[in-house]
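Please walk me through how the parts of this structure pack against one another, with the cut-offs behind each term.

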Amino acid sequence: MRRDVDLTAVGPYADHLSDGLVQMSFTLPVPHSLAARKAALELAGKMGFSEPEVVHYEELTEGYTYFVMYGRCTQSVDFEALQGEGFDIEYMSEDEIERFAAEHLSRKVVVVGASTGSDTHSVGIDAMLNLKGYHGHHGLEGYHAFETHNLGSQVPNSVLLAKAIEVGADAILVSQTVTQQNLHVHNLTELVEMVEAEGRRGDMILACGGPRVSNELAKELGYDAGFSKGTEPHHLATFIVRELAARVASTT
Amino acid sequence: MSAQANGTHGRNGSASAQGKLGLDPGVVSACRQAAKQIADEVGEQIAGRTTVSVERSVTRLLGVDGADALEVPLPNVLVDHVHHGGGLGKGISHWLGNALLQSERTPQQIAEALSAGELDLLRIEQADEQAIRERITEECAAKLAEINRRFAERRATRERLGETATPQRYVLTATGDVYEDVVHAKAVAQAGGDIIAVIRSTAQSLLDYVPYGPTTEGYGGTFATQANFRIMREAMDEWSEQHGRYVRLSSFCSGLCMSEIAAMGAWEGFDNMVNDALYGILYRDINPVRGLIDQRISRMINGYFGVVINTGEDNYLRTADALEAAPSVTASQFINHQLAHASGVPDAQIGLGDAFEIDVPVTNSLLYEWAQAQLTRELFPDCPVKYMPPTRHMDGNLFRTHAADSLFNLVTIATGQGIQTIGVPTEGIFTPHIHDRVLGLQNVDYVFNAARDIGEEVEFKRGGIIQTHAQQVLSGARALLERIADTGLFKAIEEASFGDVSRKIDAGRGLEGIVETEPGYFNPVVGLMRDPAVADEASYA
């Protein structure tokens, strides 16, 4: 007998509605022992999991034990209340973006991008900006609608901002690929503060991307949008032309 | 040098030297010839110049270490002093040799006295040039003998404890804190890692000095300092003795201090070093001339002490499409190989780079990867080759990454790579956690064991997908090499021949650290390590 999902109280699903099963793995800095296993079970209980189960554990090195566990999550969320917040954007294709830009914007959209701070990885910004793009989709460089400036990796925020001002950028894109100890948050925050200090926040769209960036995090930090793993260049392009068109419309 | 390098690669490496791919020997030799011409021309173009970091490397080999009250390393204090005084065209050795003749001080004591303002190398009495050369050469020879003695002991330990058969499993750690790196390194060793490399803090490659002392804060990695090298080396030597298996250490001869890292690694007994001729130029925007001068001395030091170097062609596949860029990888392997020879590094110590980076949805991607990996083995049968895991297209789905790593491991064992950097399921998410590395190693163990002799069992269909792909890549490499031989390497770099990255000869970081040598220039290290090309140019008598 099939039950309907109660969208006001949703929990994890494994093979039965409301079973709440969660898979997790972690290491404890304790010697590999039965006591270690007990510690993991107790910890999972404190995390709020009922019926925690250790399915695998092993010693990594003396004094460090690794666990793979399951537990039943006893919490639920009201999905109904979350709907309608609109973070599902409908993306345009490359051609549609070109047509949209030609129709709504009278000039090329100037975009400056970089991987900032100590991050040496240019893979994210390259995928978005360079002609070759990502997963068969051209980067912004390949569009008539965009003029792009890709500054590469390890770019200080000050250099990125100076370039953006120099070329009259409509949008600044920041990529943070591999960072540690939440350095990306610090980097991203610093740029927003600098743009604001220069009095340019109103003139530019600020967007950031990376595996540990989300739209929610981006907005919290003062960006207009954030893009995570799986973003293709036309997703970003859609956002930029729509946002810019909206801004143009509101000022004219 | 008796290079106790891991030149013993997989059994199928040599068995297949006659070829599973049906390569045309004429094309192969045309590639080698063009690469040699390119490397020779680089030698001519960088002749008559040294760099601040090359000169600092000489002081480090002479035993200068430490930092002043402002944390400026003493090798920088020494070289900057002479450079600012306009004397570096003669080489730091000239001024140090003279100072050695004028007092009883050691090179370290000279650096300390200078730092304390008690000495000015440019103003003290000048001895006869020949006497200076003899004195500094004698000092340098004693230091090299000391390092050689340490390496001989290390080789004996390596032989006594033994190592695992190739492919050797190369594992990175990168916590930012050297003491946490030790914990990770022990876990990695316990899970079967053969070579451990501590990734450097991401900003380090652009520093024109090597930080001093143990460090506990770094981003994306841990600073390479001599003290950190020593801490890791002691920990892994202890582990090796306790567990009866020798674990190698590696670091990165890259960035503006690539030759200094080579000297520091030599003092601390590092067995392997990442050392690419072009990486810093392409990916850290280091000036091409600076980079090529530094790589030559850096590799000369590695080569002389029997250190295995790993080149970085894998990186091109991260910034360019893996299938389209395949010929540039092969072309770069030929060039890196010839440049390493020019620095005196023998084949058994040249771990050329290659990687498994074709996008996952490509149909038959495994066959193309297999073809490329086998091609590298057949072109360089006596080089260990360092094979790198998929990273570029790993999308955060760690289970898919783990599956892709299994195929990567299969190709590694099937083609008999000498060194394999293990893949880690959390690739592309963050710098991996301690158990991620262990999971990666367990995957390697499973596949290596399950398919141990597959390379000897499998032959490829004549004119099939694998043979055809390998032949096409090789012919693309030949066309690229011959074009570069015509235009020169500097022009080729400017035209974005590698990794879709363009760099200009008169731009980039570290340009100001290049120094024109004067007629009296002297560098005893070059002479003693017997690199004829450099020794001639340095007019070493």
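**Helix packing, domains and chains**

The crossing of α10(B) and α12(B) is left-handed, meaning that the near helix is turned anticlockwise from the far one by less than a right angle; clockwise would be right-handed. The model is predicted: local features need pLDDT of at least 70 and side-chain atom pairs pLDDT 80 or more, while totals for chains, interfaces and linings use all residues. Residues are numbered from 1 along each chain as its sequence is written, with chains lettered from A and ligands numbered from 1 in the order in which they are written.

Helix α10 of chain B covers residues 258–268 and α12 of chain B residues 288–304; their axes come within 7 Å and cross at roughly 15°. Therefore α10(B) and α12(B) are roughly parallel to each other (angles under 35 degrees count as such). On α10(B) the contact is made by B:Met258, B:Ser259, B:Ala262, B:Ala263 and B:Ala266, and residues from α12(B) include B:Ile297 and B:Ile301. Residues are in contact if their C-beta atoms, placed from the backbone, lie within 7 Å.

An automatic or database assignment gives chain B domain 1 (11–21 + 166–456) and domain 2 (49–141 + 511–537). Their contact takes 24 residues from domain 1 of chain B and 22 residues from domain 2 of chain B. On the domain 1 side, α10 and α12 of chain B each supply at least two residues, and α12(B) gives the largest share, eight residues.

Chain B also touches chain A, with 23 residues from chain B and 21 residues from chain A in the contact. The largest share of the chain B side, four residues, comes from α8(B).

Notes
Axes fitted to C-alpha atoms, helices over the stretch in contact; angles between N-to-C directions. Parallel < 35°, antiparallel > 145°, perpendicular 65-115°, else oblique. Contact = placed C-beta atoms within 7 Å.
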